[in-house]
Amino acid sequence: MPSTQPLPSEPPASRPGRLAVIGLGPGSAELMAPAVREELNHAQDIVGYTTYVDLAGPFRPDQRLLDSDNRQELERARLAFELAAQGRHVVVISSGDPGVFAMAAAVFEALEQSEDPAWHAVELAILPGISAAQAAAARAGAPLGHDFCVISLSDNLKPWSIIEHRLRQAAQADLVIALYNPRSKARPDQFVQALAVLREIRAPETPVVLGRDIGRPDESLTVTTLTEIRPEQVDMRTVVIVGSSLTRRLARPDGDEWVYTPRWYGRD
């Protein structure tokens with residue numbers, strides 16, 4: 001539950017409040033959308049995972065911070081609706097884009113499960129942000145320049161059999177694949193399994209981009225290949241972009257490489 005003081009009971013509001021689900025982007029202030037910053041500036045209550053709340057500041061003393069553990073998505077969504085139903089201006093924080101493996105879906109899930117008319121009367125808005133895949137792709141060049149898909153390797157909310165099936169189908173379709181939540185202490189082996197699937201289908205020299213904490217002080221970007229990548233290079237703060245058969249590497253003057261996927265496909 002939230003780490004701040006208990007919420008005071010308040011009488012029902014005379015008019016609905018506002019609940020905005022926002023995406024911070026990668027984490028740096030310059031990559032946050034102006035509309036998101038404005039929403040944060042006007043909010044009375046800030047609800048979110050503690051790490052993301054810290055990234056979203058600074059806040060005024062009169063703004064109430066209601067932060068909680070990473071796995072309490074539905075609890076945060078319900079708290080936000082309770083506050084907004086009282087007529088308050090509430091922001092729910094996500095990193096990246098709120099609609100990509102983030103809080104927007106949890107907010108709609110909580111709303112669908114509720115029969116409270118006050119919740120359904122709340123003014124609800126979703127404000128986009130730059131996703132991790134977009135941020136890493138921009139640092140690398142343009143690996144998402146043609147058709148691509150995004151797959152989370154976390155099996156907390158879906159079975160691994162579904163993940164493996166989707167991964168295999170995406171690889172066979174020759175899509176560029178962005179992998180979220182690739183490897184954690186609780187799931188050390190699933191990224192190894194994912195690599196095994198990809199290596200069955202993709203060429204060994206397929207370019208792979210590893211973007212870790214892009215837009216934050218400790219960011220790192222690594223360009224490697226499907227055959228050279230090692231599981232220990234990857235953790236939960238890394239997005240992995242696996243190229244298609246057309247994805248290319250291009251030398252840069254500084255000795256590094258650009259990675260891009262041409263817009264054309266199969267042209268002689």
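With which side chain does the side chain of Asp254 make a polar contact? The partner is Arg252, at 2.9 Å, a polar contact being a pair of N or O atoms within 3.5 Å in which, within protein, one must be able to donate a hydrogen and the other to accept it, and residues adjacent in sequence count only if both atoms are side-chain atoms. The model is a predicted one, with local features needing pLDDT of at least 70, side-chain atom pairs counting only at pLDDT 80 or more, and totals for chains, interfaces and linings using all residues. Residues are numbered from 1 along each chain as its sequence is written, and side-chain values use heavy atoms, with hydrogens and water left out.

Asp254 sits in the loop between β12 (248-251) and β13 (257-260); strands here are DSSP runs (E, at least two residues), numbered from the N terminus, and helices are runs of H or I of at least four. The side chain of Asp254 also gets to the backbone nitrogen of Asp256, at 2.9 Å. With a relative accessible area of 47%, Asp254 is partly exposed, that is, between buried (under 20%) and exposed (over 50%), using a 1.4 Å probe and protein chains only. From Asp254 to Asp189 it is 65 residues in sequence and 35 Å in space, C-alpha to C-alpha.

Zooming out, the chain has 8 helices and 13 strands, and 45% of its 268 residues count as buried. Its C-alpha trace spans about 65 × 40 × 35 Å along the principal axes. Of the contacts (heavy atoms within 4.5 Å) with a separation of 6 or more, 70% come from residues 24 or more positions apart.
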